Amino acid sequence: MNHAWTPTGLFVTATDTGTGKTTLASQLAAALHARGSCVRVRKPVESGCAHDEDGNLLPADALALQRAAGERESLEAVAPYRLSAALSPARAAALEGISLTLDKLERACLVGGRQGDFLLVEGAGGFYSPLASDGLNADLASRLRLPLLILAPDRLGVIGHVLLTLEAAARRGLDVAGVVLNRLPDPERPAQLDNATELSALTPDTPLYSVADTDGMAPLAAALAEHLIR
Ligand SMILES: Nc1ncnc2c1ncn2[C@@H]1O[C@H](COP(=O)(O)OP(=O)(O)OP(=O)(O)O)[C@@H](O)[C@H]1O
Ligand SMILES: [Mg+2]
């Protein structure tokens, strides 16, 4: 596909679903917007949307991103494909009779963009989760050639998931802007767990960030925004 716009931005992905992508991406959109950047947020496909009283599908992630980015663009632009089933977008689209291809998602991410804009895309699920009938989140990130911001839950077992995700990114030649170890509430967390120390020894060249709780998202977003638009 030929586009006039070669975007600068980030593809926000994860090792798994429910790891803090929207929470951090929203804070990052707000931080970039506050610094005068024209942020184009995209949740190109969102499944698991609830219905409002008029029967419209409400994409919660996209609404949060749109608000954080200053509501510059319509919800249609931010979240063009909204699906009801709380399944992978590929599966939900197949069930709901909607044709969802990488071509369509790529176009939806790029439409309206101009040189100098910052494109902030939130994927769905994890890096290798199915996204369209013909590809994974990783395939859309590859088409957009955006650096990855990888969210990972800071829990036992995550090191293997992060290393697999980094290997998959390297195989596709994608840059990794950072891995964010996000500490989600976990009553079973072993007291001596220290994923950050272990991971930084295993991948010394990957920027690694730790977030202790939701209050830690805004300072990280501010630091990332500072670095990204410097
Ligand atoms: N550090 C944290 N501490 C406590 N709760 C958190 C933290 N980070 C995120 N959450 C909460 O965890 C839930 C999942 O976060 P979020 O929606 O950002 O994940 P996601 O990766 O975007 O999920 P999805 O795969 O559904 O898009 C939300 O309710 C969010 O408020
Ligand atoms: Mg989300």
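**Strands, metal site and cavity**

Mentor: This is a predicted model. Let us begin with strand S1 (residues 8-14), which is mostly covered, as six of its seven residues are buried.

Trainee: Which strands does S1 pair with, and in which sense?

Mentor: S1 and S7 pair in the parallel sense over five bridges. S1 also pairs with strand S10 (residues 148-153), again in the parallel sense, over four bridges.

Trainee: Changing topic, what coordinates the magnesium ion (ligand 2)?

Mentor: Thr22 (OG1), Asp61 (OD) and Glu122 (OE) coordinate the magnesium ion, at 2.0 to 2.2 Å. The spacing of these donor residues in sequence is T-x38-D-x60-E. Thr22 lies in helix H1 (residues 21-34) and Glu122 in strand S7 (residues 118-122), 100 residues apart, and this pair links distant parts of the chain.

Trainee: Are Thr22 and Glu122 buried or exposed?

Mentor: Both Thr22 and Glu122 are buried.

Trainee: How many cavities of 30 Å³ or more does a search of the whole structure find?

Mentor: The search finds one, and the largest cavity has a volume of about 30 Å³.

Trainee: What lines the largest cavity?

Mentor: Its lining consists of Val39, Val41, Gln66, Ala69, Glu71, Arg72, Glu73 and Val78. By class, the lining residues of the largest cavity are four nonpolar, one polar and three charged.

Terms used:
Residues are numbered from 1 along each chain as its sequence is written. Chains are lettered from A and ligands numbered from 1 in the order in which they are written. This is a predicted model: local features need pLDDT of at least 70, side-chain atom pairs count only at pLDDT 80 or more; totals for chains, interfaces and linings use all residues. Side-chain values use heavy atoms; hydrogens and water are left out. Donors are N, O and S atoms within 2.8 Å of the metal (3.2 Å for Na, K and Ca); water is not among the atoms, so sites may look incomplete. Helices (H or I, at least four residues) and strands (E, at least two) are DSSP runs, numbered from the N terminus. Buried means under 20% relative accessible area, exposed over 50%, partly exposed in between (1.4 Å probe, protein chains only). Two strands pair if DSSP finds at least two bridges between them. On a 1 Å grid over the protein atoms alone, a cavity is a set of points where a 1.4 Å probe fits but cannot get out, and a pocket is an open set with protein on both sides within 12 Å along at least five of seven lines; lining residues have an atom within 4 Å of a point. Grid points are joined across faces, edges and corners, and a volume is the space filled by probe spheres set on the points. Ala, Val, Leu, Ile, Met, Phe, Trp, Tyr, Cys and Pro count as nonpolar, Asp, Glu, Lys and Arg as charged, and the others, Gly among them, as polar.
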